[in-house]
Amino acid sequence: MFASFYDVMIAKGRWMLIPRGLGTTLLIAFFAVLIGSVLGCVFALFKISKSKVLNCISAVYTTIIRGIPMATQLMIFYFVIFSPMGVNNAVLVAIIAFGINSGAYCTEIFRAGIQGVDKGQMEAGRSLGLSWNQTLVKIVLPQAIKTSLPTYTSEFITMIKETSVASFIAVADLQKSCDNIRNATYNAWIPLLSCAAIYLCLTLGLTKLFSILEKRMAKSDRS
């Protein structure tokens with residue numbers, strides 16, 4: 001078994017493909033969630049606003065993006081939108097596509113978090129002389145962030161796993177790197193199980209990290 005692992009992964013330096021692919025996966029996931037968080041904040045505010053136009057814009061965005069599979073969205077962005085414009089940077093396209101996709105889910109996460117805060121908090125802020133925007137930023141949003149953190153954590157972890165479809169547009173991410181090793185060695189189980197183990201370690205590590213963050217925030221509330 002060790003000899004087989006050596007021949008597949010170690011020989012000819014094939015294992016070096018994995019850290020490179022992992023770096024690309026983390027790069028895409030990090031910036032996608034960053035973009036998604038910004039879009040989520042904006043469209044969540046659109047959804048809770050009193051403007052029917054902004055409500056409609058947010059509803060259309062979330063309905064379309066959440067209703068189309070991620071792999072299909074990715075290929076539409078790459079082959080239909082960006083390639084005709086001469087943009088062939090697959091990693092950049094993947095970041096944008098995953099970011100827009102994440103934004104639709106973050107919109108619902110943040111909306112639920114904001115609307116989950118007791119309405120009396122907004123009324124209390126207004127009674128103290130704060131404007132609607134000031135009350136939202138200083139009182140409502142801090143509480144909404146704590147409420148939304150567990151679901152937001154799940155979105156980040158899900159995004160890391162979903163980046164595996166980035167290989168559809170030839171992005172050399174973790175999944176693609178393991179596929180290249182499989183194709184070069186005609187051995188499927190070693191590179192694919194290695195890929196699965198790395199994704200599992202990533203998700204477990206991030207789950208633990210966010211769990212520690214949640215506990216610290218809970219302690220700060222009690223102190």
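The following exercises, with worked solutions, concern a predicted model.

**Exercise 1. Determine where helix H4 bends and what its buried residues pack against.**

Step 1. Helix H4 spans residues 70-82, and its axis bends by about 30° at Ile 76.

Step 2. The buried residues of H4 are Met 70, Ala 71, Gln 73, Leu 74, Phe 77, Tyr 78 and Phe 82.

Step 3. These buried residues pack against three helices: H3 (52-67), H5 (90-115) and H7 (132-162).

**Exercise 2. Identify the residues that make the nonpolar surface patch of about 660 Å², and classify Phe 168 as buried, partly exposed or exposed.**

Step 1. The patch is made by Met 75, Ile 76, Phe 79, Val 80, Ile 81, Met 85 and Phe 168. Ile 76, one of these residues, is also the site of the bend in H4.

Step 2. Phe 168 belongs to the loop between H7 and helix H8 (174-185).

Step 3. The relative accessible area of Phe 168 is 46%.

**Exercise 3. Describe the surroundings of Ala 32.**

Step 1. Ala 32 is located in helix H2, which covers residues 17-48.

Step 2. Its relative accessibility is 0%. Because buried means under 20%, Ala 32 counts as buried.

Step 3. Leaving aside residues up to four places away in sequence, Ala 32 touches Ile 95, Phe 98, Gly 99, Ser 102 and Met 159.

Step 4. Trp 132 lies 100 residues from Ala 32 in sequence, and the C-alpha to C-alpha separation of the two is 30 Å.

**Exercise 4. Classify the aromatic pairs Phe 43 with Phe 46 and Phe 156 with Phe 210 by ring geometry.**

Step 1. The whole structure contains seven aromatic pairs. One of them joins Phe 43 and Phe 46, with 5.4 Å centre to centre and 75° between the planes. Planes over 60 degrees apart count as edge-to-face, and the Phe 43 and Phe 46 pair is accordingly edge-to-face.

Step 2. Both residues lie in helix H2, three residues apart, about one turn of the helix. Phe 43 counts as buried at 14% relative accessibility, whereas Phe 46 is partly exposed at 23%.

Step 3. For Phe 156 and Phe 210, the ring centres are 6.1 Å apart and the planes stand at 90°, so this pair is edge-to-face. Phe 156 lies in helix H7 and Phe 210 in helix H9 (residues 189-222), so the pair ties together parts 54 residues apart in sequence.

Step 4. Phe 156 is buried, with a relative accessible area of 16%, and Phe 210 is buried, with 12%.

Step 5. Phe 43 and Phe 46 form one aromatic cluster with Tyr 61.

Definitions and conventions. Residues are numbered from 1 along each chain as its sequence is written. This is a predicted model: local features need pLDDT of at least 70, side-chain atom pairs count only at pLDDT 80 or more; totals for chains, interfaces and linings use all residues. Side-chain values use heavy atoms; hydrogens and water are left out. The bend at a residue is the angle between axes fitted to the seven residues ending there and the seven starting there. Helices (H or I, at least four residues) and strands (E, at least two) are DSSP runs, numbered from the N terminus. Buried means under 20% relative accessible area, exposed over 50%, partly exposed in between (1.4 Å probe, protein chains only). Contact means heavy atoms within 4.5 Å. Patches are made of residues with over 30% relative accessible area and no salt bridge: like charges are joined within 9 Å, nonpolar side chains (Val, Leu, Ile, Met, Phe, Trp, Tyr) within 5 Å. Accessible areas come from the Shrake-Rupley method with a 1.4 Å probe; for residues, only the protein chains shown count as cover. A salt bridge is a side-chain nitrogen of Lys or Arg within 4 Å of a carboxyl oxygen of Asp or Glu. Rings of Phe, Tyr and Trp (its six-membered ring) pair if their centres lie within 6.5 Å; planes under 30 degrees apart count as stacked, over 60 as edge-to-face and the rest as tilted.
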